[in-house]
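Good morning, and thank you for coming.

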Amino acid sequence: MRWERALIPTLKENPQEAEALSHQLMLRAGLARKIAAGLYAYLPLGIKVIRRVETIIRDEMEKYGAQELLMPILQPRELWEVSGRWNDQELGMLKLKNREGSEFVLAPTHEEIITGIVRGEARSYKDFPFNLYQIQTKFRDEMRPRFGMIRAREFIMKDAYSFDVGEEMARKSYADMRKAYINIFRRCGLNFRIVEADPGAMGGEKSEEFIAVAENGEDVLAACEACDYATGADAAKKCPDCGGRMAKIKGIEVGHIFNLGRKYSKALSAKFLDPNGKECLPFMGCYGIGITRTVAAIIEQNSDEKGIIWPLEVAPYSVVVLCLDREETTVAESEQLYQELGDKGIETLLDNRDERAGVKFNDADLIGIPIHLIISRKRISEQKVEMKRRRDQIKLLIPRPEATGEVIRLLKDLKERHRGTEAQRHKEHK
RNA sequence: CGGGGUGUAGCUCAGCCCGGUUAGAGUGCACGGUUCGGGACCGUGAAGUCGGCGGUUCAAAUCCGCCCACCCCGACCA
C-alpha cells in the first residue's frame, strides 16, 4: 500500500477521551475511532491487525479440527426462553422488537443458537465429535464501557463450541482447546497466565481464563514469580507448585474456556442416538477469545515512548519503505524496492507522502511496523539502503542489491527470535 | 445506576470566577515562498450552532435552571 492513498490518520497529541495506554495508541496510530461510548469503527490499519489475529486463531483452531461457521447476530427470544437465560442480567443483553412485535436480542453469546443447530442436524453418535467456531461481532450492553477496546459494548469475538458423546472425550476437547489457546496467545506475542475461574453465567463444570498481564487490566490475580501458576486474587502466599513467591498482578481477560457438561444440550434437548438406539445428551464445551481486546492487550504489552511495537505476526505491515526525499532516483528506488518486496509476498507500506523526513520517521515508529527501510539521496549515492528494527531502533546499512534478501533474513530472524522468547518464557515457567 | 469531572475550530487547550469590540492560541488543513535525515520557517487563507433548550439582563461562551454527550472512580462485567 502506498501511504499517499491510504487512510492512516495519525495524531500528534493524545485525544482527551483516552487514558489507558492502548486506547491512546490505537487512536494516535489511526487504528480506530470512537463512534459512541464503547462503540468503535476500525480503520484500515486497525482491521488489518484484527485480521492478523484472526488468521492466527483460524490456523490454530483448524489444527485441532475445529470448523468455521457463521451465525446470526440477531437471535429470537424463544430460544433464550428455552435455555432459561432470557432474563439473565449478567450478559447485558440488548433486546429489541421488530415491527411485528417479535422480540430479539443482539447476540451476547451463541450457546442457544449453536445448540439449536446441532439439535436439528446431529442425530447419531456417528455425527460426533465436532467443534464449531465463528468469528463475529458480539454485543453486550455494558453499564460502563472503559479503556477503549478493553471493555467495549460491541466487540469482535471468536467463539467455539465442542460437542462430544462422552465425558472423557469432552475433557480431551477441552484440553485441545487449551493447547490451541496457548499457541494463539504466544503467536500474538502476549505474556499471559491461565487461571481457574468461576463459570458464572455460562454455567458448567470447569473454566479457565487466559489473562494477558497488563497494568490497565481489570482482573487482579496472584501469580507465581517462579513458575506459570496463577490464581484468583485472594489466594495463597506461596506457590503450591514450586514454593515460589506469589505476586499480585493485573491483567486483561483475553480468553475463557468452559467445560459445560450437558447443561445446554439438556436445556435445549439436543439429543442423539447411541449404538444401542438409546437417547443421549452430548457433552459441550465453549471457548471464547475477545479479539479486539486481544489487540488492545498486545498494544499494552508492546510499546515505547514513540508508539506501538507490533510483534511481527500481528503487524499490519511487515515493512515500511520510507522514501525520504522527492528526488527522482530516490522515488524510483523506493518504488522498485516496494515492488521487489511485494513480489516476495511481504506486506509492505510505501511512505511516498510529500512530508519531511522527521514526520515519516515518527509516523513509522508510531504505527509500529517491525522493519523500516530508509531510502534517501544520501544512501543512494553510496549504493546503500538503511534497515531499521522498530523494537530496538538499531539501524544497519546494507548494499542496495542485497536489500530484499536482508529483509527476508531479518523477518526470519524476528520469527525465530519470537519462538525463542516463547520457548524461554515457557521454560522459565516450568 | 451512585460519586466526581469535562464539553469553545479536525485535534490539544486558553477565555468563564469578576457579563460588554469582529471569540483566541498551538497544531492540523489549503495556497505561495524558503527549506529538506527525527513532527521546519515565513506569509496568506478557510475553518466555530462556544454541547442543547429555556431563563435573568440593555447585553450571555461567561450568571441561573433543565437536558444531552463523553471521561474517571464505584456497583456490574463472557
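In helix H2, the residues Val49, Ile50, Val53, Glu54 and Ile57 meet Ile291, Thr292, Thr294, Val295 and Ile298 of helix H7; contact means heavy atoms within 4.5 Å. By class, this contact of H2 with H7 has 7 nonpolar, 2 polar and 1 charged residues. Ala, Val, Leu, Ile, Met, Phe, Trp, Tyr, Cys and Pro count as nonpolar, Asp, Glu, Lys and Arg as charged, and the others, Gly among them, as polar. Helices are DSSP runs of H or I with at least four residues, strands are runs of E with at least two, and both are numbered from the N terminus.

This is a predicted model, in which local features need pLDDT of at least 70 and side-chain atom pairs count only at pLDDT 80 or more, while totals for chains, interfaces and linings use all residues. Residues are numbered from 1 along each chain as its sequence is written, and side-chain values use heavy atoms, without hydrogens and water.

Let us turn to Gly30. Gly30 sits in the loop between helix H1 (21–28) and strand S1 (32–36). Is Gly30 buried or exposed? Gly30 is buried, with a relative accessible area of 0%; buried means under 20%, exposed over 50% and partly exposed in between, with a 1.4 Å probe and protein chains only. Between Gly30 and Pro9 there are 4.8 Å in space, C-alpha to C-alpha, although they are 21 residues apart in sequence. Beyond its neighbours within four places in sequence, Gly30 is in contact with Pro9, Leu43 and Leu45.

Finally, H2 gives the most to the lining of the largest cavity, with 3 residues.

Notes
Chains are lettered from A and ligands numbered from 1 in the order in which they are written.
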